[in-house]
Amino acid sequence: MAGALDTLFKDVAKQVVADLGSSLDTTITYTRKVQGTYNASTGVLATTDTSYSSIKVPIEFIRSEEDGGRETREAKIYITPDLIGGNQPTFQDEVILSYAGSNQTAQIVDISTKKGGQVYLFILLVRF
C-alpha cells in the first residue's frame, strides 16, 4: 500500500509542477555541481558541472527588500527529481532564473524534501 501511495504522490507532484510551470513565462537552468579532483600543484578543486536548461517550474517570489542600498530577493522553486536527473539538490548547486528578459543567478539557501518511501518534490528557497 505504501508503495502505491508513493507512486501516486510522485505522479501528482510531477503533473502539478508541469502544469503550473508551463503557465509561467519563467524558466530556470539548474546546474548540478559535483566535487571532482584536487590539483595539489595549482591548489584548485575542480568540479564537474551538469546543467539542466529551460526547465519550466512553479516559482513563488516571496520577498524583496533593501539590503544596504541593494535589493535582495527570495523565491521558492518547486521541482521534481526527474527534472534534475534524479539528483538531490545541494547548497553548492546553482540556479539561474530567466524572467522578464533577464537572467538572475540565485543561491540556494534552504532545501525542503517531500517524500515517503521515495522522493517526489523539492522546494528550494533561493536568494538573488
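**Sheet, core and side-chain pairs in a predicted model**

E74 is buried, with a relative accessible area of 7%, where buried means under 20% relative accessible area, exposed over 50% and partly exposed in between, as computed with a 1.4 Å probe on protein chains only. The structure is a predicted model, in which local features need pLDDT of at least 70 and side-chain atom pairs count only at pLDDT 80 or more, whereas totals for chains, interfaces and linings use all residues. Residues are numbered from 1 along each chain as its sequence is written, and side-chain values use heavy atoms, with hydrogens and water left out.

The side chain of E74 meets that of R127 in a salt bridge (2.6 Å, N to O), a term that stands for a side-chain nitrogen of Lys or Arg within 4 Å of a carboxyl oxygen of Asp or Glu. This pair links distant parts of the chain, since E74 belongs to strand β4 and R127 to strand β7, 53 residues apart. R127 is partly exposed, at a relative accessible area of 34%. Salt bridges with shared partners join R63, E74 and R127 into one network. The structure holds five salt bridges, and among them is the one between D49 in strand β2 and K33 in strand β1, with an N to O distance of 3.2 Å. D49 is partly exposed at 41%, and K33 is likewise partly exposed, at 25%.

The strands named here, like the helices, are DSSP runs numbered from the N terminus (helices are H or I with at least four residues, strands are E with at least two). Seven strands form an open sheet in the order β2-β1-β5-β6-β7-β4-β3, with antiparallel pairing; two strands pair if DSSP finds at least two bridges between them. Because β2 (44-55) and β3 (59-67) stand at the edges with a single partner strand each, one side of each is left without a neighbour in the sheet. Within the sheet, β5 and strand β6 (residues 102-115) run antiparallel and are joined by six bridges, and E94 stands opposite Q107 in β6.

The largest nonpolar core has 24 residues, and those with the most contacts inside it are I28, V57, I77, V95, L97, L124 and V126. Such a core is a set of buried Ala, Val, Leu, Ile, Met, Phe, Trp, Tyr and Cys residues joined through side-chain atoms within 4.5 Å. At least two residues of this core come from each of α1 (2-22), β1 (27-39), β4, β5, β6 and β7 (119-127), and β7 gives the most, with six residues.

Aromatic rings were also examined, where rings of Phe, Tyr and Trp (its six-membered ring) pair if their centres lie within 6.5 Å, and planes under 30 degrees apart count as stacked, over 60 as edge-to-face and the rest as tilted. By this rule the count comes to four aromatic pairs. The rings of F61 and Y99 have centres 5.2 Å apart and planes at 55°, so the pair is tilted. F61 lies in strand β3 and Y99 in strand β5, 38 residues apart. The centres of the F61 and F128 rings are 6.3 Å apart and their planes are at 70°, so this pair is edge-to-face. F128 lies in the segment after β7, so the pair with F61 ties together parts that are 67 residues apart in sequence. Ring pairs thus link F61, Y99 and F128 into a cluster, in which F61 is partly exposed at 42%, whereas Y99 is buried at 16% and F128 is buried at 13%.
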